[in-house]
Each structure stands twice: as C-alpha cells, then as structure tokens.
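The stops below go from one residue to the next.

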Amino acid sequence: MIVSHGLLTGQVLQRLKGGAKATVTGTCESSGAVNVTIAAGKKVVKGWSEKKVGRAADGSFTAKLDGVPVGGPYTVTLSCGSEKVAVANVSVGDVWLLAGQSNMQGCGNLSDAPAPHPKVHAFYMDRHWDVAVEPIHFLEDSPDPVHNTVQRTPAELKKVRKAALKGVGPAVYFGKEMVKRSGGVPQGFICTAHGGTSMQQWSPAKKDEGGKSLYGSMKLSLDACGQPVAGVLWYQGESDANANDAPLYTQRMKELITAIRTDLKQPALPFLLVQIGKFYTFNSDARWWNSVQDQEANLYKHLKNVACASAGDLGLDDAIHIGAIPYERLGIRLARLADYYVYGNKKECPAPEFVSMKRTTSRSNSGVMVLKFKNVVGGFISKGDPNGFTLVDQDHRDTNTVYKTELQGDTIRLEADFFHTFNSNLAYGVGFTPYLNITDKRDMPIPILGPETLSVPGTSTGFLNNWQVSTILPASKSIDAWDAPSPLPEYGLRQKKYDGVFVDNHLEWQNNSGQAVFFGKLDLSQDMKLMLRFGYDAPVRVWVDDAAVFTDMAGINPAIMDAKSVKLDLNKGAHKIAIAMDLNGGKAWGFFARFERLDVTKEQLKKREVVLPKFSS
C-alpha cells in the first residue's frame, strides 16, 4: 500500500471548522474497505481507531479523512486487508502560502538565523515537508526549471547548502509568533518565492506553463499539498519600481490575488503583503520606488481582506535586503495582521491608516498640517524626534521645509514653510533610504505614503508665482483708467518665477515711480466657480478676459495674504489674467494671489475627484 497524493510525511493540514480534511489516494493490491487509525504518540485519537474512510479496488484506493482534530504530530495509518501504510509527523493547524521575490525568499545573514520551532514546518522547494530551518527557500532544491536549471545530486546540493551565507526571511519568525498567538496551533509554509522576479513573471496567465513559470510552479506546490491555506504572505515590488511597470502595479496585483483566490476556491482568502523597504543605490530618482510603496499601502482599497505591513523602517543585511535580526519585527507585524484577518482577534487591528488632513496657519504664519489616522494602538511614539514627513515638489524632490513634527495620540501635527504647504505635496518616506521612526505602541509603523495619498485634494491652486512681468512703465495715466492690457513688445516682458508665496519685486521697484503689469493664463477643463484670493501693497487693478474684476487705488503697505477676494464664474477653456500695479513712489513690493474653487462637493473630496484650474505664464 503506497500513498501517492494527499498526505505527506511532516505535512501540516489546514484546520477547518470541525477539523481538517484530506483526500488521500494511492496504490493497493488488496480490495475492500480502507480504514485509518490516527495516533498521537502511542495514544489513539478519540474516534480514529480503525475508522472506515474509503475503498480499494483494481490496484488503487481513495480515502477521505474528515474532521482530523487540531494538533499533532500524528501518525496516520491507512490499512486495507493485510496491507497498511503509515504517514508520520502529520499535524493540523494553519498553512500559509509564501510568495514574492528575494525579501520573501530570504537574504538575511544565516549566522543570525532564528532557532527552529518543532511546530513550525515548511513545504520546501523540493516539495517535502519538515521542520522549518532556514533557508526554507533554497532554489537549487526545486525540480522546476523556473527556479533551478541545474539539477544537482544530493551530495552536491548538501555542499551548496552548507556553503550558503544568506537565506533568512520573515516566515520562521512569523510562524513562531503565530504558534504563540494561537495557543500552540501548528504552522506550515508552502515555499514558492524567487528573488529578482517581477509581476509579469508572476502573471497568472502563465499558469499552464507549469514548472516553467512562477505561477505554474506555485500551483504545482499547492496541488501537491491538496489543501486550502489560511492566508498568503507576499513580499515583492522591487523589480517593478520603474517607469514602465510601476503604473501597472495595482492592476497586476489585483489580477494575481484574484487568480490565487479563484484557483484555491477561497474567494475571501486573506492576502497579507509587505511594503518594500530601503534601497541603497546611486540612482537619484526614487519616484517609481515610492510609487510602488504607495500602491502597496493602498491595495486594501481595491480588494477585501488585503493588508500591508511596512518594512520601511527596518535595517538591512545588504543594499536591498532586510536583515535577519530586523526580520523578527516584520514577522511579528505580519502575525498581528494574521491574528486580525485570519483569527478574527478584534484586540488587534490593521496598520495605522491615514484618514484626513487639515491645512491651517499658525500665529507665526507658518503652514500647519494636521493629519488624522486610525488603527493607532496606544498612540504614536518615536525614538527621538519623529521623522519621515516631507513636502515634495512636482519633480518629486524633497523641499526640506517640514521643520516640526508633533505626535498627539492618533494625530500628527506638522509645521512647514507656508508656501510649500500649498504648492507641494506631502509624503511620508520619500526616497530610497528615508529615516522613519514613527510607530504606534505595538510597533506597527505608518506605511510609506504619497505624495498622492497624503495630499488630500485641496480646493486651492496654491499661490501663483510664475508670471510674464513688464519692466517699469511710465505712469502716463492712473491704472484705474487703463483699458484691459495685452502683452505688448514695449512692455519689455520677461517670464519670471518667484520664490515663495509672494510676488516680490521690491529690489527692482524700490526708489522708482511708475507702473508694472503682470500677465498669466488660466486653463479650465470644466466650468468652475472660483474665488480669486488677493493681497497687495499698492494701487492695483485686475482683469479677467479683458474685463476689470477688481480695482483698489488705496492699496498701501503691508500686503496681507488673502485680504481681498473676488468671485468668478468661468466657463471651460482658456482665460487671460492681467494685474497692473502702481509702484507708489517705490514703496510697493508686490502681491499674493491664488484661486480657490468654490463648487467642490464633499463627495468629490472624498473620492479625490477635485479638478482645479491650471495657471501658467
């Protein structure tokens, strides 16, 4: 009697309501009833002594085990007539599919590997079950060409494995923590990760290629176990952090998760992923790296039962791989998510999640941003001054303008240069190697976010600081008597971009009399109700599409931000903006100006569907 499928030595069967199930098939010369006895050591498990579970005929047998209790290790003995076969060291607990690239495969130093645990088993790359001892992902063991093109002898494999210096991943730490959290329930891993692989290589469309594709190989391992799984642990994204693949990352992940759930017939299967961490590289443009990180943190918005644990604050054992010792923190973070999503422990919750941001000003006229989060257990904490929040410009460069970060329970208060709070996007963890040290009291960090996520759509364009500017013009008549000006050669126009929120001309204008005019363009993709918010320090007149919309000949120092406002109802398309100022005998410096949209609904803000006018010179 030989078992060919459905039950392997050392296997962990996935527990279900009422116990584990397994359909066991094999060959048998006898015919008739197939019985099973399950024993823990010398003690037969209650109800499992010579229990009839199937039949044998024509040289083969099928046996269906149903209700095997949680625990083990068990010896499962199948018999038919005088024939019998025993499968040793079988347990019932929770099984986890491990997939992704090198940081799941494990590249931490083996000299710091965690001690194995007798209740934590792995289904190794060569598809045998045993106690999980790092490295549990050893590609040279695999019979599949997608992982291993050189099939070595057992002696050669032993030599290669002995020479390995790297191989620690998060799984063993995760398994040990789950044993603790479950009250001693056995844990098992199906190991399928492969370093350096992309989402295209993991495509479910390649399933039919079998061992020649990553998805096909993964499915072969799942089929060999013949069991459902408790959840998926996924760590991948580094290979997709580029201009071609990053924009497609969310869609490809949705396709992968849906395919795995479909193939396992588990539509609500929990999918727990790791947000990629640091990368020490000479490459100076990290926008695609940060884009993948932001998409990973927000994947839960697209599919149910998806959660993310960040590795952005963890140390490395080389330029890109998490260190063996820091992996313990990551394993525990993943275990917290599994405790919530799989075990239903409501004392746990997902990682801190961004909820909202409010922009205000302080008494010193600094920009203030107040961020609200949820799932913050025990409040936010940091070792030393909290770090990680930055304002980035349109080229994804850190403006180095956030100078104060205060942690207040589940709220974070930031202060920054006022101009940049309106003209830049807020992010957490910009770059390849940000210094991040904010977690809640259970060591769950804020995931790397933005710029897209944290910068909640505002209703303002930010301050307008890019204009066509005239030279100083002779004051032939008062500006309140001007017709709508048009760009003329005699104005000596030049394009000028000002630093800060204020259109500041005092160095050019001081001790001079005369007038000056500024020209800009406003492009609207739809009809809009706008407010021009304005502040100035001299006589001024404003035209929109050649119609005067504002005049104040009594303007004097100082210019006060947003002191005046003008409502405008503009149609879709391009609109001309002109501003004339009298230099007031050289006392004038300039103006503040920005447009705010008035017809934005709460629903548009919530769905991030705010469309603002685009201003250019």
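Select Gln-187 and Trp-96: their side chains are joined by a polar contact of 2.7 Å. Bear in mind that this is a predicted model. Gln-187 sits in strand β14, which covers residues 187-191. Its relative accessible area is 0%, so Gln-187 is buried. Now show what surrounds it. Leaving out residues up to four places away in sequence, Gln-187 touches Val-12, Asp-94, Trp-96, Lys-119, Val-120, His-121, Gly-175, Met-178, Val-179, Ser-182 and Tyr-343.

Next, go to Met-125. Look in the loop between β11 (120-123) and β12 (129-131). Is Met-125 buried or exposed? Its relative accessibility is 4%, under the 20% limit, so Met-125 counts as buried. Beyond its neighbours within four places in sequence, Met-125 is in contact with residues including Ile-136, His-137, Phe-138, Leu-139 and Pro-143. Cys-191, Thr-192 and Ala-193 are also among its contacts.

Select Ser-217 in helix α4, residues 214-225. Ser-217 is buried, at 3% relative accessibility.

Move to Tyr-300. This residue is in the loop between α6 (287-297) and β17 (306-310). With a relative accessible area of 28%, Tyr-300 is partly exposed. What does its side chain make a polar contact with? The partner is the side chain of Glu-353, at 2.9 Å. Past the residues up to four places away in sequence, Tyr-300 touches Val-306 and Glu-353.

Turn to the backbone. Most residues other than glycine have a negative phi, and most peptide bonds are trans. The following stops depart from that pattern.

- Glu-134 and Pro-135: a cis peptide bond joins them, with omega about 5°. Pro-135 lies in the loop between β12 and α2 (154-163).
- Asn-557 and Pro-558: this peptide bond is cis as well, with omega about -5°. Find Pro-558 in the loop between β33 (547-552) and β34 (564-570).
- Asp-562: phi is near 60°, a positive value in a residue other than glycine. Asp-562 also lies in the loop between β33 and β34, and is partly exposed at 26% relative accessible area.
- Asn-400: phi is positive, about 55°, though the residue is not a glycine. Its place is the loop between β21 (389-392) and β22 (402-408). Asn-400 is exposed, with a relative accessible area of 65%.

Finally, zoom out to the protein chain. Colour it by secondary structure: there are 10 helices and 37 strands. The radius of gyration is 33 Å, well over the 25 Å that the globule rule gives for 617 residues, so the chain is more spread out than a compact globule. Along the principal axes, the C-alpha trace spans about 115 × 45 × 45 Å. Of the 617 residues, 55% count as buried. Last, colour by charge. The chain has 70 positive and 63 negative side chains, and the centres of the two sets lie 7 Å apart.

Conventions: Residues numbered from 1 in each chain as written. Predicted model: local features only at pLDDT ≥ 70, side-chain atom pairs only at ≥ 80, totals over all residues. Heavy atoms only, no water. Helix = DSSP H or I, 4+ residues; strand = E, 2+ residues; numbered from the N terminus. Buried < 20%, exposed > 50% of the residue type's maximum accessible area, 1.4 Å probe, protein only. Polar contact = N/O pair within 3.5 Å; in protein donor to acceptor, adjacent residues only side chain to side chain. Contact = heavy atoms within 4.5 Å. Rg over C-alpha atoms; globule rule 2.2 N^0.38 Å. Lys, Arg positive; Asp, Glu negative; His and termini not counted. Charge placed at Lys NZ, Arg CZ, Asp CG, Glu CD.
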